[in-house]
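Me: Let's go through this one together. I'll show it first, then ask.
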There are 2 protein chains.
Amino acid sequence: MLKYPNGKPYNPKNITSKNTMNKKSKDFSFGNRGKTLEDEINETNAYYLSRQIAIIHKKPVPIQIVKVEYPKRSAAVIREAYFRTPSTTDYNGVWNGYYIDFEAKETESTTSFPLKNVHEHQITHMKNVVNQQGIAFTIVRFSKLNRYFLLPFSVLYEAWSNMKKGGRKSIPLGTFESKSYEIIPGYNPRIDYISAIKKLISGEN
Amino acid sequence: MLKYPNGKPYNPKNITSKNTMNKKSKDFSFGNRGKTLEDEINETNAYYLSRQIAIIHKKPVPIQIVKVEYPKRSAAVIREAYFRTPSTTDYNGVWNGYYIDFEAKETESTTSFPLKNVHEHQITHMKNVVNQQGIAFTIVRFSKLNRYFLLPFSVLYEAWSNMKKGGRKSIPLGTFESKSYEIIPGYNPRIDYISAIKKLISGEN
């Protein structure tokens with residue numbers, strides 16, 4: 001077994017811990033063992049990539065870099081930078097000739113998905129994608145229920161448009177059960193959203 | 001005319017100048033007026049987006065964030081971060097149901113495109129994309145000649161594979177002229193690579 005110099009066993013999670021510093025609250029229930037939805041999607045994408053099932057990557061967070069130092073004999077260090085607002089969703093890629101584009105969202109609610117989790121630029125981007133015949137959706141995790149859904153953009157857009165006209169500000173769980181595709185979490189792939197996409201395509205055609 | 005407080009006329013280039021701090025040498029010939037290829041592609045993508053011709057974005061540079069400060073009443077400041085190696089190409093998106101994925105490269109050479117400009121991870125990624133029936137290519141600018149080409153991945157891969165077997169380390173201009181699609185730069189869109197993709201598709205089918 002590989003060990004660090006401090007005698008601890010090698011564990012890839014130790015290395016990636018910096019990546020999770022800005023994560024939202026974690027759910028330590030048995031089902032997802034403290035993983036964020038982002039962790040789960042990243043694992044799923046790594047699995048898809050390793051099996052050549054789909055090529056989907058998370059986009060880096062856009063950063064406005066202002067100041068960089070170039071120390072001798074070591075890597076460049078960014079010393080001043082700011083977070084920028086993304087103009088797209090977080091994930092995109094290709095599966096079986098289809099352009100795939102999605103956002104991943106978690107909610108602590110057990111009854112509905114609050115639309116305040118969704119931003120105007122994401123709606124605009126997903127609408128553009130669908131107009132170009134891409135496949136756009138949101139993966140929603142009801143963390144307390146340990147339930148996952150692939151919410152097609154058409155359903156999200158209908159709810160969003162209703163809200164803009166003064167309608168309700170969330171999508172009830174019942175709508176997920178009737179109009180979206182539930183993903184039962186597994187071991188590998190963790191969140192098999194490609195199987196849900198297959199249902200989405202066959203259901204819509 | 002809009003003016004800055006310092007009396008200088010408003011010019012969007014002033015605002016984006018920070019983004020170009022790490023750019024390579026610029027060519028100030030009449031043809032591209034000192035713009036980098038990245039500037040030209042970004043302009044082209046903005047045009048495509050505004051006309052809903054295609055939805056293509058540049059991916060942000062991946063950054064490993066180590067330290068963030070949260071000053072009161074102002075935006076979070078990243079105080080320590082490092083550049084990471086990307087695992088994909090720089091641009092991707094969707095056009096007319098096709099998944100589009102590419103890299104943009106400039107060369108000062110007037111006779112050939114050096115393959116040292118291409119990285120192993122980009123080859124691997126583009127190969128994966130083509131296996132999933134996406135469209136992958138490289139846009140190459142011969143800056144001193146003011147000539148632009150859409151180099152299909154198949155042609156790049158052949159040259160790359162030859163190099164790995166000890167063959168030549170560059171792709172001659174003649175190969176671009178015979179096996180890729182020249183893009184004549186215009187005003188708007190500046191680098192109309194979608195028209196070149198149309199030729200690529202009809203040529204291959």
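Reply: Terms first: two strands pair if DSSP finds at least two bridges between them. Helices (H or I, at least four residues) and strands (E, at least two) are DSSP runs, numbered from the N terminus. With that, strand S2 (residues 63-69) of chain A pairs with S3(A) in the antiparallel sense, over six bridges.

Me: What are the ground rules for the model and numbering?
Reply: This is a predicted model: local features need pLDDT of at least 70, side-chain atom pairs count only at pLDDT 80 or more, and totals for chains, interfaces and linings use all residues. Residues are numbered from 1 along each chain as its sequence is written, chains are lettered from A and ligands numbered from 1 in the order in which they are written, and side-chain values use heavy atoms, with hydrogens and water left out.

Me: Back to S3(A). Which residue there does Glu69(A) stand opposite?
Reply: Val77(A).

Me: And which strand of chain B does S3 of chain A join?
Reply: S3(B). Two bridges join it to strand S3 (residues 77-83) of chain A, and the two run antiparallel. Ile78(A) has Ala81(B) as its bridge partner. Ala81(A), in turn, stands opposite Ile78(B).

Me: How many residues does the contact take from each chain?
Reply: It takes 46 residues from chain B and 46 residues from chain A. Contact means heavy atoms within 4.5 Å.

Me: What area is buried between them?
Reply: About 3,800 Å², of which carbon and sulfur atoms give 57%. Buried area is the accessible area (1.4 Å probe) that two parts lose on being put together, summed over both.

Me: Which elements of chain B supply the residues that touch chain A?
Reply: Strands S1 (55-58), S2 (63-69), S3 (77-83) and S4 (91-95) and helix H3 (120-131) of chain B each supply at least two. The largest share, seven residues, comes from S3(B).

Me: What's the make-up by class?
Reply: The side of chain B that touches chain A has 24 nonpolar, 17 polar and five charged residues. Ala, Val, Leu, Ile, Met, Phe, Trp, Tyr, Cys and Pro count as nonpolar, Asp, Glu, Lys and Arg as charged, and the others, Gly among them, as polar.

Me: How many salt bridges cross the interface?
Reply: The rule finds zero between chain B and chain A. A salt bridge here is a side-chain nitrogen of Lys or Arg within 4 Å of a carboxyl oxygen of Asp or Glu.

Me: And how many over all chains?
Reply: The whole structure has 22. One example: Lys164(A) pairs with Glu120(A), the closest N and O atoms being 3.2 Å apart. That pair links distant parts of the chain, helix H4 (residues 153-164) and helix H3 (residues 120-131) of chain A, with the two residues 44 apart.

Me: New topic: backbone. Where is the cis bond in chain A?
Reply: From Asn188(A) to Pro189(A), with omega near 10 degrees. Pro189(A) is in the loop between strand S10 (181-183) and helix H6 (193-204). In chain B, the bond from Asn188(B) to Pro189(B) is cis too, with omega near 5 degrees.

Me: What's phi at Asn96(A)?
Reply: Near 50 degrees, a positive value in a residue other than glycine. Asn96(A) sits in the loop between strand S4 (91-95) and strand S5 (98-107) of chain A.
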